[in-house]
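Me: I want to go through some structural labels and ask what stands behind each. Please set each value against its cut-off.

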Amino acid sequence: DYGLSEADPEVREIIHKEKERQFKSLELIASENFTSRAVMEAVGSCLTNKYSEGLPGKRYYGGNEYIDELETLCQKRALAAFHLDEKKWGVNVQPLSGSPANFEVYTAILNPHDRIMGLDLPHGGHLSHGFMTPKRRVSGTSIYFESMPYRLDESTGLVDYDMLEKTATLFRPRLIIAGASAYPRDFDYPRMRKLLRINMHWKIADAVGAFLMMDMAHISGLVAASVVGDPFEYCDIVTTTTHKSLRGPRGGMIFFKKDPVLGVDLESAINNAVFPGLQGGPHNHTIGGLAVCLKHAQSPEFKNYQEKVVSNCRALASRLIELGYKLVSGGSDNHLVLVDLRPLGIDGARAEKILDMASITLNKNSVAGDKSALVPGGIRIGSPAMTTRGFTEKEFITVAEFIHEGVQITLEAKKLVKGSKLQDFMKFVTSPDFSLMNKVSD
Ligand code: PLP
């Protein structure tokens with residue numbers, strides 16, 4: 001039995017290069033983080049060898065004594081980390097990631113082609129909430145369910161709840177989804193809950209009323225640390241990824257109310273949708289890593305970390321505003337800012353490229369009103385990963401200044417480039433004619 005160095009130097013070398021890249025760059029992608037060594041040890045363990053279809057105590061394979069112990073521990077820790085009463089809430093820790101978790105919820109509580117409403121992708125929502133273009137149903141969610149997005153009020157950058165209410169009253173969805181991939185503010189859960197109550201008379205086929213689900217993928221670490229609003233007070237179902245602000249391994253979880261909602265037993269519907277509905281054997285190594293992460297998520301250090309994620313993000317936002325940038329919604333209450341670069345006459349794709357060349361990793365992002373998702377008008381910047389690496393507000397102020405410098409270089413490069421297409425820009429900035437090193441000051 002050989003280790004990686006002897007067995008496969010090629011893969012080892014790639015991992016080494018990726019480790020160097022992660023170590024040397026400023027990691028500002030809002031959905032990424034650095035998980036702990038303890039989590040990685042569990043993920044890289046013998047747990048990966050075991051099949052365990054089913055749930056603890058009800059498996060379709062033998063030899064699951066310890067896997068049962070592990071999954072039960074993980075479930076208990078998940079409920080404790082989010083301050084939930086085991087009598088009222090249950091959790092499934094087997095979803096392979098965030099998108100499968102969401103689709104599992106849809107298949108659990110909806111019939112094919114039932115109506116759903118989620119935040120539109122160009123306004124900050126996620127593909128798995130039902131994105132479609134005028135030409136194409138892009139995600140499986142929009143292929144198998146009828147999706148009507150709600151949007152931001154472009155003048156404030158905040159969710160347009162009035163419009164959501166008006167549209168929902170006409171569209172009568174069976175499910176409304178809160179949560180986003182690029183929204184710097186908290187969702188107004190009481191308002192969304194009220195909307196459902198007002199409209200409880202909706203009658204769709206034999207079913208009356210609508211469910212409220214929160215996809216807290218981006219902010220689950222912040223929710224666990226109680227530094228943002230608590231979706232569990234108002235929602236019937238809460239899904240999450242486990243690898244973003246929560247700082248665990250790549251995976252997903254689905255929390256559900258134990259009492260029936262709208263006559264549906266969520267516990268059995270969701271558990272059955274995960275397995276055998278859409279998945280086979282759980283990834284026990286991930287569940288092991290998740291259990292470790294959820295232990296940590298209950299510690300005072302974790303709360304302190306999440307408080308810093310938010311204060312660092314505020315410092316970044318304030319400095320960017322001082323430097324003259326327009327931020328969607330005017331700031332941030334969570335771990336990310338969305339910068340609208342359109343007033344400067346550049347786009348997120350060009351800025352992302354230049355910043356990437358300077359080892360500043362962030363992503364281009366649509367801002368409300370954009371025409372193209374490939375050349376969107378904004379960039380999304382997140383604080384979780386660099387906060388894990390020990391950055392304080394002082395360093396995040398410097399980060400804002402580095403980004404400003406990158407944007408200035410992008411503006412300069414745009415002036416120099418021959419041709420107006422994005423390819424022309426990319427070709428020019430990667431050519432010897434354009435040396436970024438000469439552009440970056442000491
Ligand atoms: N939900 C939200 C809000 C997300 O931002 C993401 C990913 O970025 C997902 C779900 C999907 O997660 P995954 O990439 O693990 O499928």
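Me: What should I know about the model first?
Reply: This is a predicted model, where local features need pLDDT of at least 70, side-chain atom pairs count only at pLDDT 80 or more, and totals for chains, interfaces and linings use all residues. Residues are numbered from 1 along each chain as its sequence is written, and side-chain values use heavy atoms, with hydrogens and water left out.

Me: Why is Thr-167 called buried?
Reply: Buried means under 20% relative accessible area, exposed means over 50%, and partly exposed is in between (1.4 Å probe, protein chains only). Thr-167 has 18% relative accessibility, so Thr-167 counts as buried.

Me: Where does Thr-167 lie, and what does it touch?
Reply: Thr-167 lies in helix α7, residues 161-171. Helices here are DSSP runs of H or I with at least four residues, strands are runs of E with at least two, and both are numbered from the N terminus. Residues up to four places away in sequence aside, Thr-167 touches Met-117, Met-148 and Arg-172. Contact means heavy atoms within 4.5 Å.

Me: Why is Arg-172 called partly exposed?
Reply: Its relative accessible area is 40%, so Arg-172 is partly exposed. Arg-172 lies in the loop between α7 and β9.

Me: What makes the phi of Arg-172 worth a remark?
Reply: Most residues other than glycine have a negative phi, and most peptide bonds are trans. Arg-172 is not a glycine, and its phi is positive, near 50°. Ser-359 is not a glycine either, and has a positive phi of about 60°. Ser-359 is found in the loop between α13 (348-357) and β17 (360-361). As for the peptide bond, a cis one joins Phe-275 and Pro-276, with omega about 10°. Pro-276 is found in helix α10, residues 266-278.

Me: What makes β5 and β9 paired strands?
Reply: Two strands pair if DSSP finds at least two bridges between them. Two bridges join β5 (residues 115-117) to β9 (residues 175-178), and these strands run parallel. The bridge partner of Met-117 in β9 is Ile-176.

Me: Which sheet has seven strands, and why are β4 and β6 at its edges?
Reply: The order of this open sheet is β4-β14-β13-β12-β9-β5-β6, and the pairing is mixed. β4 and β6 (146-147) each have a single partner strand, so one side of each is left without a neighbour in the sheet. Four bridges join β4 to β14 (residues 252-257), and these two run antiparallel. Trp-89 stands opposite Lys-257 in β14.

Me: Which way do the residues of β4 point?
Reply: Trp-89 and Val-91 point one way, Gly-90 and Asn-92 the other, and all are buried.

Me: Why is Ser-332 called buried?
Reply: At 6% relative accessibility, Ser-332 falls in the buried class, so the label holds. Ser-332 is found in the loop between β15 (326-327) and β16 (336-340). A polar atom of its side chain lies 3.1 Å from the backbone nitrogen of Asn-334.

Me: What makes the span of α12 close to the expected one?
Reply: The expected span of a helix is 1.5 Å times one less than its number of residues. Helix α12 (residues 300-322) has 23 residues and reaches 33 Å from its first C-alpha to its last, close to the 33 Å expected. Just after α12, Gly-324 takes a positive phi of about 100°.

Technical notes:
A polar contact is a pair of N or O atoms within 3.5 Å; within protein, one must be able to donate a hydrogen and the other to accept it, and residues adjacent in sequence count only if both atoms are side-chain atoms.
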